[in-house]
Amino acid sequence: MEQLYRRYGKGLTFMIVSLTAFWLLVLVILPDFKLLEASFRPYLPVVDIGGPKDTYSLGNYAQILGNPVDFSSFGLSFQIPARVKVFVLTIIYSGMVTLIAFLLAYPLCFYLAKVVSNRSLPTLFLLLFVPLWVSEVLRSFAWFIIMTLKGPLNAILMALGAIEKEIRWVDGYSPVVVTLVYAYVLFMVFPIYNSMQSLDNNQLEAAEDLGAPWWRVHWRIVLPHSKPGIASGSVMVFMLSAGSLLVPAIINSTTGNWFTQTIQGIMLEGQDWNTGAAFAFMLLLFCTVAVIAAMRLFRVSLSDIAR
Amino acid sequence: MSAGIELDNVCCDFDSFRAVDHVNVTIQPGEFFSFLGPSGCGKTTILRMISGFTDPTKGVIRIGGEDVLGQRPNQRPTALIFQNLALFPLMPIWENISFGLEVRGVDKATRRRKAEELLALVDLPDSADKMVSQLSGGQKQRVAIARALAVEPAVMLLDEPLSALDLKLRQHMRAELRAIQKRTGVTFIYITHDQGEALAMSDRVGVMSQGRLQQVSNPREIYNNPVNGFVASFVGENNIMVGEIGTRADGVAAFSTALGPFRARIAEGVTTGKLYVRPEFMTLSDKPGAENSVPVTLSEVAFEGNFISVHAVTEGGTTLMAEIRNDGTGALPQTGAAMHMAFDAKNAAILPDANVTRA
Ligand SMILES: Nc1ncnc2c1ncn2[C@@H]1O[C@H](COP(=O)(O)OP(=O)(O)O)[C@@H](O)[C@H]1O
Ligand SMILES: [Mg+2]
């Protein structure tokens, strides 16, 4: 604050601070509060709003529990409310997106940060960035097209003789997961690259000199050093995936519904903003809980992430 | 256990630049050997080739008699102490030290005990559970040494390990390192650009310039009988005079310079060169000496305690330096006085320039 003041003077500092405050308060916090408040009130015809029926309750939240369906997993079958099922699967598959993105990003980052020569680095980064110039909508459509029944993926596989009949790729959650990984993997790459880059090469050499094979160098030196980057990358990818509407909507796999699509249905088709808000807050709450639990499990603190 | 090292015509090129040029040296098991040379002369490159991080472009490296070409650093019986130490900041001290044992599958209790033993050896008890950031420069130094010793290397490679320390600590650590080397009997290969350090610690010193090994010998030989002008200048002060070599007999040659005719030692085969005399071999007197004597005017006299440093200018404007032993009488030569500087032919040498022609 004082630094801002010294650098930009009184007028500009006031403007910067008040604009930031306006953005936070009016454009972020206030609407969220309005939604939070609405989520505890029933969805009523306009005449009843503010009337005796308009009381606070958890009724909207309880709506997630209706409509039981069969669910089987790990050899167990039981009944579970349809929306809870979508909710749970959204969180599980978002976790899977995060894991796959990490598994892809880690070796890539190590290659970029520690193996590649400085000369070819700009070219490689450019190649990473180019797909970002195309909008997310187009990129998701591209994947949809790749995976359609008569699409290039099947065509290539058939030409290679790897398969005899077209495979129905757009089925279940896999196409959504694949496209989400593609859409958000760079959010994993950049923080991990950043933290790996700050690792002193001599540390790697010292470990090897003391006899460590490559995997132990990674396990004991590179991985712990990159933990803050991995943590912030994972939080971003997980939150973005769980909250993504665009990707599951475009892929539109009828057997791979995302919870955001449920919320959208309630809010836009059902016009029930109150219940939609309740569901959205539930998603936010559970994602936050999942993130905190994962941070506990991997012993990462918030200050690590902010670094 | 310690092993000897042989470098047999070793070269290392980076693109077209030759960083190490036909280095030949045999280092004995248990020896404290130093590579001494200015920054950029290829010392680190030599260490990296011995430890396996860089491959020689040409030549053979043998450790304990065995050609190590193709062995990765984690397969060689060497331990390298990096110029910046490269301790692991996220591990406590004892895990740092026992990392090499962890790699070898030693169980935790043994590792811990071994780490504490090594901490005692490097005189740093009660630090096992501290983090690296809690230690001072000298303490980190000791941890790095302990970490390298933990794997019981046959050869320790040290890359300017004392350069980051302040003067006092540096002198203390010199003695300490030497003592650790004696106690463990491990071959130490030590790199430094500080000639005092190299001379004080080493059994033998290899002086390098521009990738070439100039001279390998014990510290006294290096200082008293340098083979060329580079070695003479790098390991101490000199008065240097240019001139022509004249008739020679019994290893002494006439040398005619702008200051007059001199006589000095000369080696077989030396045909061109300059004359080098160390300041401590210059004498100062009211009368001209029998030979090798120059009339001078004193320009600067400084009392240094154990000796008196004198700078003097000749008629032609050349500056000569002398270090006169303090004889305890308290009489100092006066600045501006006209006197004669002289030296003994056996204390002066005609030396060729450095051997740096690129092959
Ligand atoms: N990886 C490298 N690539 C290109 N040049 C290098 C590399 N490593 C060292 N050099 C060059 O080789 C020469 C010797 O370097 P080095 O062995 O580090 O010298 P010293 O340790 O004696 O200061 C220097 O001129 C340096 O610039
Ligand atoms: Mg160096």
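A: In what follows, Ala, Val, Leu, Ile, Met, Phe, Trp, Tyr, Cys and Pro count as nonpolar, Asp, Glu, Lys and Arg as charged, and the others, Gly among them, as polar. On this basis, the lining of the second largest cavity comprises eight nonpolar residues, no polar residues and two charged residues. The model is a predicted one.

The second largest cavity has a volume of about 50 Å³. From chain A, Ala206(A), Asp209(A) and Leu210(A) belong to its lining; from chain B, the lining includes Leu80(B), Ile81(B), Phe82(B), Leu85(B), Ala144(B), Arg147(B) and Ala148(B). Two or more residues each are contributed by helix H8 (201–209) of chain A and by strand S6 (78–81) and helix H5 (137–150) of chain B. The largest share, three residues, is that of H5(B).

In total, the structure holds two cavities of 30 Å³ or more. The largest cavity contains about 60 Å³ of space. Its lining likewise draws on both chains: Leu199(A), Gln203(A), Arg220(A), Ile221(A), Pro224(A) and His225(A) are found there together with Phe88(B), Pro89(B), Leu90(B) and Met91(B). Helix H9 (residues 214–242) of chain A gives the most to this lining, with four residues. By class, seven residues of the lining are nonpolar, two are polar and one is charged.

The pockets follow. The largest pocket holds about 1200 Å³ of space and is lined by 32 residues. Nearest its centre lie Lys227(A), Ile230(A), Ala294(A), Phe298(A) and Val300(A). Helix H3 (82–115), H9 and helix H12 (273–297) of chain A each provide at least two lining residues. H9(A), which gives the most to the lining of the largest cavity, also gives the most to that of the largest pocket, with 13 residues. The lining of the largest pocket consists of 21 nonpolar, five polar and six charged residues.

For the second largest pocket, the volume is about 420 Å³. Of the 19 residues that line this pocket, Gly243(A), Ile263(A), Ala280(A), Leu283(A) and Leu284(A) lie nearest its centre. At least two lining residues come from each of helix H1 (2–39), H9, helix H11 (259–269) and H12 of chain A. Here H12(A) supplies the largest share, seven residues. The lining of the second largest pocket divides into 15 nonpolar, three polar and one charged.

Key: Residues are numbered from 1 along each chain as its sequence is written. Chains are lettered from A and ligands numbered from 1 in the order in which they are written. This is a predicted model: local features need pLDDT of at least 70, side-chain atom pairs count only at pLDDT 80 or more; totals for chains, interfaces and linings use all residues. Side-chain values use heavy atoms; hydrogens and water are left out. On a 1 Å grid over the protein atoms alone, a cavity is a set of points where a 1.4 Å probe fits but cannot get out, and a pocket is an open set with protein on both sides within 12 Å along at least five of seven lines; lining residues have an atom within 4 Å of a point. Grid points are joined across faces, edges and corners, and a volume is the space filled by probe spheres set on the points.
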